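Try each task before reading its solution.

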Amino acid sequence: GEYPKANSTALKYLASKICRYHEESLLFSDTMVMLSKGKYSGDSSISVELTTRRGEECYLVHISSKGAVDGIQMGTTITGYISLSMETLEQQTMEYIKIPNKPIDRRAFLSQHGDEYILRKFVAIGDIIERKTYIIPNDMMKGFISEAASVLLQRQFIQNDELDRIADLEFITLNSDCRIGHLTYMKSQEKEESLNSNTVQLKGITKTLTVENERPVSWSMYFFQDSHMFSREQVGSTVVIKVNMQPTPVLLPKERKILEYKWQDDMQFYSQYLDRKEELEAQRMTYLGRHPEIKAILADFLQFLLLKKPDDPCTFASEFFSTYLPPE
């Protein structure tokens, strides 16, 4: 049957974002608190860093929310690798709700491989467990914006003063059940809020996800002038995520034209590149040092792979690592 598609305006917008260099002004973190009916109920954070995946520079977006609502523990963690042109290369989503006697555990792993995406879904509701794998051609994913990519897109909307034109953009995305739907953004009325005895001017965006035969879901978000997030709430929910302190301002570039030059010949830039490269390598080594089990797992996998020499190493890898999922 017919599947949801992004409109031509959204595709042209994304084409205009094709970029050879990262945007430094997108690399910052937001730290917020969760409020349920006005009372503290948990913490939330969003971070964007620069990393590499398969040898290509890209954005690493991490979103986390953990807390308790009406005494029920719940949390969501999203990790996404997004290309410099806003294309989702990989995203992992984990969600849990610890309902007594019927806990919910949802996981989804989306990864781009050549001319297709592979989507693996795991859902456990109480004792009922469901595992599914979908193969989605790239043609079906044109104009796709994942939750991680949406973070970058929203920051660009604010930083580039594009709110007046976003209503014409209709992207596609995946909902929590891994169904494809339409994703739209709308400019909200600007407003003033008080924060630590200071008055702050805020810009607003309403994001809406529409899936066939389901009720649309909307989120109301407000941002500082530099695109730091001030608040986020799902329309109709009693939970609000918002800042409780003034964030460090983002330094926005005065010009956004990409200069064509041989960056290796720019000694200052090249020195910064080497410093950043060494910093990233040190961070990775520190992480591996904190998690020695990673090397053990990978060593076991490679040893087993070379022993079996399967014709389809991807399927073999999938089956090997599926043993780390909760048992059925």
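**Exercise 1.** Does Gln156 count as buried or exposed, and what is its relative accessibility?

*Solution.* Keep in mind that this is a predicted model. Start with the cut-off: buried means under 20% relative accessible area. Gln156 has 8% relative accessibility, so the residue counts as buried. Next, place Gln156 in the fold: the residue belongs to helix H2, which covers residues 147-159. Then look for its partners: beyond neighbours within four places in sequence, Gln156 touches Tyr13, Lys17, Glu23, Leu26, Met86 and Glu162. Finally, check a separation: Ser45 is 111 residues away along the chain, and the two C-alpha atoms are 18 Å apart.

**Exercise 2.** Find the largest nonpolar core and say which residues have the most contacts inside it.

*Solution.* The largest nonpolar core contains 45 residues, and Tyr59, Phe157, Phe171, Tyr185 and Ile205 have the most contacts inside it. Helix H2 supplies the largest share of this core, with seven residues. Apart from this core lies another, of eleven residues, including Ala108, Leu110, Leu119 and Phe144. Now take Ile205 as a test case: leaving out neighbours within four places in sequence, its contacts include Phe157, Tyr185, Trp219 and Phe223.

**Exercise 3.** Classify the ring pairs Phe224 with Phe230 and Phe301 with Phe316.

*Solution.* Two values are needed, because a pair of aromatic rings is described by the distance of the centres and the angle of the planes. The structure holds eleven aromatic pairs. For Phe224 and Phe230, the centres are 5.7 Å apart and the planes make 75°, an edge-to-face pair. Phe224 is buried at 6% relative accessibility, and Phe230 is buried at 2%. For Phe301 and Phe316, the values are 6.2 Å and 35°, a tilted pair. This second pair links distant parts of the chain, with Phe301 in helix H4 (residues 293-308) and Phe316 in helix H5 (residues 313-321), 15 residues apart. Both rings belong to one aromatic cluster together with Phe304, Phe320 and Phe321.

**Exercise 4.** Which ring does the charged end of Lys5 sit over, and which face does Lys207 lie over?

*Solution.* The charged end of Lys5 sits over the ring of Tyr3, 5.4 Å from its centre. Lys207 lies over the face of Trp219, at 5.2 Å from the ring centre.

**Exercise 5.** Where does pLDDT stay under 50?

*Solution.* Begin with the whole chain: the mean pLDDT is 89, and 93% of residues reach 70 or more. The stretch to flag is residues 255-261, where pLDDT stays under 50 and the model has eleven contacts beyond four places in sequence.

Terms used: Residues are numbered from 1 along each chain as its sequence is written. This is a predicted model: local features need pLDDT of at least 70, side-chain atom pairs count only at pLDDT 80 or more; totals for chains, interfaces and linings use all residues. Side-chain values use heavy atoms; hydrogens and water are left out. Helices (H or I, at least four residues) and strands (E, at least two) are DSSP runs, numbered from the N terminus. Buried means under 20% relative accessible area, exposed over 50%, partly exposed in between (1.4 Å probe, protein chains only). Contact means heavy atoms within 4.5 Å. pLDDT is the predictor's confidence in each residue, from 0 to 100. A nonpolar core is a set of buried Ala, Val, Leu, Ile, Met, Phe, Trp, Tyr and Cys residues joined through side-chain atoms within 4.5 Å. Rings of Phe, Tyr and Trp (its six-membered ring) pair if their centres lie within 6.5 Å; planes under 30 degrees apart count as stacked, over 60 as edge-to-face and the rest as tilted. A charge sits over a ring if NZ of Lys or CZ of Arg is within 6 Å of the ring centre and within 35 degrees of the ring normal.
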